[in-house]
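Please open the model in a viewer and keep the sequence at hand.

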Amino acid sequence: MTKDNFSRYSRQIFIEEIGLEGQKKIMDSKVLVIGAGGLGSPVIQYLAAAGVGTLGVVDFDEVELHNLNRQIIHTESRVRLSKVKSAATFVKELNHQVIFKGIEEKINDENVEEILSRYNVIIDGSDNFSTRYLVNDTCVNLKKTLVYGSILGFSGQVAVFNHCGSKNLRDIFPEPPFDENIPDCDSLGVLGALPGIIGSMMALQTLKIIAGLPVKVNQLTLVDTLAWHFQTIDF
């Protein structure tokens, strides 16, 4: 731990449950974020700020103007740039010590295992059911911890799956819905601060996992920011 590192991360190190050992674990960790959009943006922001050693980001999309109300790591000057390259610029400017691994691919059956196998913790910020279930099933096969989040309108969900033998996505939602008319953010919208809340919760759970702190498993947290109601469901 260099003097500069201690100074940079001192407010984390001062937390009794983190300390020097916890910070070293954070700096040695390898985390993969799937999606550099609404959820991925705050996750990337806070993990890079915390000093995660290697931060992988998978996304095949480009920054669009309508993304900017919620995808806070992107800027007007980077519209039409790939989200991975935009995320790389953000991370480099925030914390040059973080090793950024950009993967400009769409997760599919052919590449998912190779990509996920390189990381300790997987964070799912994707926006479609096929990717969510593919990532979940691969994490189960590879015995990888999966931090899950989803958002719509004023509501969000957060869970930690497959952690130290805990249950996974299929234990609460056995099969993905096949109705093509299921509403999503593109059709119903999302208020920009909501992914900031849910993404921050996902980032916090990830840092606790890395530091070896206890996290709730076999539990889904439901967040309704319109009624300001938080509920947990055990499964």
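**Stop one: helix α4**

Select α4, where eight of the eleven residues are buried (under 20% relative accessible area with a 1.4 Å probe, protein chains only). Helices here are DSSP runs of H or I with at least four residues, numbered from the N terminus. The model is predicted, so local features need pLDDT of at least 70 and side-chain atom pairs pLDDT 80 or more, while totals for chains, interfaces and linings use all residues. Residues are numbered from 1 along each chain as its sequence is written, and side-chain values use heavy atoms, without hydrogens and water.

Among the buried residues of α4 are Gly-40, Pro-42, Ile-44 and Leu-47.

**Stop two: the second largest pocket**

Next, select Gln-12, Tyr-46, Ala-50, Leu-204 and Leu-207, the residues nearest the centre of the second largest pocket, whose lining has 13 residues. A pocket is an open set of points on a 1 Å grid over the protein atoms alone, where a 1.4 Å probe fits, with protein on both sides within 12 Å along at least five of seven lines; lining residues have an atom within 4 Å of a point. The space in this pocket is about 260 Å³.

Which helix supplies the largest share of the lining? Colour α10 (193–211): five lining residues come from α10, the largest share. α4 (40–50) also supplies at least two.

Conventions: Points joined across faces, edges and corners; volume = space filled by probe spheres on them. Buried < 20%, exposed > 50% of the residue type's maximum accessible area, 1.4 Å probe, protein only.
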